[in-house]
Amino acid sequence: INTSYYLEAAVDYNRVFNEKHTVTGLLVGTMREYKEANAGSLLLSLPHRNIGLAGRATYSYDSRYFGELNFGYNGSERFAKKNRWGFFPSASAAWNISDEPFFKPLADVVNNFKLRGSYGTTGNQNFTPYTFSGVITNGYDYVIGDASNQSLAIGSIQSEYSNQNVKWETTRQYNIGVDLALFNNKFTLAAEYYSTDKKDMLFPVTLPGSTGATKTLVMNVGNMTNSGYELTARYRSAIKGFSYDFSGTFSTNKNKVTRINGDGTRISAYPQGLVSGAAARSQVTFIAEGYEAGAFFLYPTDGIINTPEKLAEYQKINPTAQMGDLIFVDTNKDGKISDDDRVYSGSGLPKYEIGFNMQFRYKGFDLYANLYSALGHKIMNGSRATAFGYGRHKDLVAQYTEFNTDSPIPTYRGDVKGHE
């Protein structure tokens, strides 16, 4: 049975001065304790607590000028003592221009015109509790003594490694925007530019099998940025009982990993790979410095070995190559095909997203339609890769054979780990 306890205490303040100055304040203290029933994991079964103090102060003058300050000071037992606490401030301001006296001549057309901006930080602690502590597992006994006098001793192993250096992932976001309403609020428009900077991203890193412990360890792998524009427009009206509502959205996003901690230049974002049973060969998604998160890094190819000349040339790189095999490009010219030969091949993150909604109403009847489009991204077809890997894809009927030497489909060798 999962259990949790929650305690909250708050004090607030609200006052208006001289009918135009409004000041509010709020201070909240919280404590949460969680315990999850999970017999398969000792770490999940231990209780863990979050303690936080949050505050907010706001000021407005004559409903024209607005300001707000916030902070959060949070402690989490998911982290070791030295990294347990994080401070996350934020601030925002807005100017309601349409309420200014000089704007009155335009008030019949422009009902609302507001400029706004904000800066804020948030923290992320979404990972398994107590990973800063190692786990020792009993039941791994061993034999001691020489050949003539042996005995079985009780043994244990370290089954999970610890990372006491893991700390809060912090996100800092800046944004500036404008809100417009025209023609008696029939048409509304909101435009915004945003920039987000993630620091010390939390990510489960795959450990080599030689460690003899769990396959992953949560680490602060690096930093990442996102920036772009968001535009939202809406028009609604009614004519003699018939009403209609159109709205649309348009957004852009530029994502980039700006730093990878440690010795490696990229980390596998999906260690399981596209094809079950062939994880090492079918990993295509990585977190790499200078590229989008989840970028595709693939082995480039150069057709099929379909002539004796191509076979002889490719056997200089892969001596076991056969007729009908796929030719992989040795991009770094080191005389072998390795992980270093992968090249950037796009990502699954769209550069543009577009949405459009339509709604019509008439005498109790309504019609609604929603359209969405994403542009500028790549898609990896894992189902197709799996079908080829296990010899089930229909196109294998036309694979390379000595009687079908012009086929672009490599010969299936019956090995999911070796088929590309």
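Helices (H or I, at least four residues) and strands (E, at least two) are DSSP runs, numbered from the N terminus. This is a predicted model, in which local features need pLDDT of at least 70 and side-chain atom pairs count only at pLDDT 80 or more, while totals for chains, interfaces and linings use all residues. Residues are numbered from 1 along each chain as its sequence is written, and side-chain values use heavy atoms, with hydrogens and water left out.

Beyond residues up to four places away in sequence, phenylalanine 360 touches Phe242, Ser243, Tyr244, Phe246, Phe365, Asp366 and Leu367, where contact means heavy atoms within 4.5 Å.

Next come the nonpolar cores, each a set of buried Ala, Val, Leu, Ile, Met, Phe, Trp, Tyr and Cys residues joined through side-chain atoms within 4.5 Å.

| Core | Size | Members, including |
|---|---|---|
| Largest core | 10 residues | Tyr299, Ile305, Phe328, Tyr400 |
| Another core, apart from it | 9 residues | Phe203, Val221, Ile260, Ile287 |

Finally, have a look at helix 4 (residues 382–389), where Gly382, Thr386, Ala387, Phe388 and Gly389 are buried. At its start, a side-chain oxygen of asparagine 381 comes to within 3.3 Å of the backbone nitrogen of serine 383. Just after helix 4, glycine 391 has a positive phi of about 70°.

Technical notes:
Buried < 20%, exposed > 50% of the residue type's maximum accessible area, 1.4 Å probe, protein only. Polar contact = N/O pair within 3.5 Å; in protein donor to acceptor, adjacent residues only side chain to side chain.
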